[in-house]
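Colleague: I'd like to go through this model with you and hear what stands behind the words you use for it. Can we take it piece by piece?

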Amino acid sequence: MRYNQLDEILELVPGKRLVGRRTLREGEDYLQDHFPRFPVMPGVMMLEALHQAAVWMVWTGDGFQSPTLLLREARGVKFGDFLSPGETLEITAQWVKQEGTTVTVKAVAEKDGKTTVSARLIVEKCSTGDPPRLGTDEIVRQLARKKFVELFGDVFLGA
């Protein structure tokens, strides 16, 4: 993932709830184009922050057993405010339900207690689709767990 949209995890109940933080920094490359005289975080990046919080929450809940988590749908997306450099989002992802391989997550990002973006995200748990003999699913599981530990440490994994 090129753009990590969570700087830290404040609270994690694996598979149930994740609260994280993301501070927008002045030197982020996409701010040069969005917008030169009024730099703000693009809405799609705010939505990506919600998605990443949901993915980490789901992955930690099943012990990284689902090698791939795909965003199938973003419902009821609402934007409430801009995020400028130096400002911080507090992002919450809350498990709502699971139907088969799809998980519904309610996600919201707030700045100073006001909603900046909110959505219901439909995430699908699936394999990579590669033949089992290649071991790709296991490699992807290990890489996801390793990335989580690199970004946030192992304190939330009980390791």
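Colleague: What makes you say that H1 is largely enclosed by the rest of the structure?

Modeller: Of the 19 residues of H1, 15 are buried, so the helix is largely enclosed. Buried means under 20% relative accessible area, exposed means over 50%, and partly exposed is in between, with a 1.4 Å probe and protein chains only. Helices are DSSP runs of H or I with at least four residues, strands are runs of E with at least two, and both are numbered from the N terminus.

Colleague: And what should I keep in mind about the source?

Modeller: This is a predicted model, where local features need pLDDT of at least 70 and side-chain atom pairs count only at pLDDT 80 or more, while totals for chains, interfaces and linings use all residues. Residues are numbered from 1 along each chain as its sequence is written, and side-chain values use heavy atoms, with hydrogens and water left out.

Colleague: How do you know that the span of H1 is close to what is expected?

Modeller: H1 covers residues 43–61 and reaches 27 Å from its first C-alpha to its last, close to the expected 27 Å. That expected span is 1.5 Å times one less than the number of residues. After H1 comes Gly-63, with a positive phi near 65°.

Colleague: Which elements does the whole protein have, and in what order?

Modeller: It has two helices and six strands, running β-β-α-β-β-β-β-α from the N terminus. The radius of gyration is 16 Å against 15 Å from the globule rule for 159 residues, so the protein is as compact as a globular protein of that length. The radius is taken over C-alpha atoms, and the rule is 2.2 Å times the number of residues to the power 0.38.

Colleague: Why is the pair Arg-22 and Glu-28 called a salt bridge?

Modeller: The term asks for a side-chain nitrogen of Lys or Arg within 4 Å of a carboxyl oxygen of Asp or Glu. In Arg-22 and Glu-28 the closest N and O atoms are 2.8 Å apart, so the pair qualifies. The count by this rule is 11 salt bridges.

Colleague: Are those two partners buried or exposed?

Modeller: Arg-22 has a relative accessible area of 3%, so it is buried. Glu-28, at 15%, counts as buried too. In another salt bridge, Glu-11 and Arg-17 meet at 2.9 Å, N to O. There Glu-11 is at 31% and counts as partly exposed, and Arg-17 is at 28%, also partly exposed.

Colleague: What makes Phe-35, Phe-38 and Phe-82 a nonpolar patch?

Modeller: Patches take residues with over 30% relative accessible area and no salt bridge; like charges are joined within 9 Å, and nonpolar side chains (Val, Leu, Ile, Met, Phe, Trp, Tyr) within 5 Å. Phe-82 has 46%, so it is partly exposed. Together the three have about 310 Å² of accessible area, by the Shrake-Rupley method with a 1.4 Å probe, where only the protein chains shown count as cover for residues.
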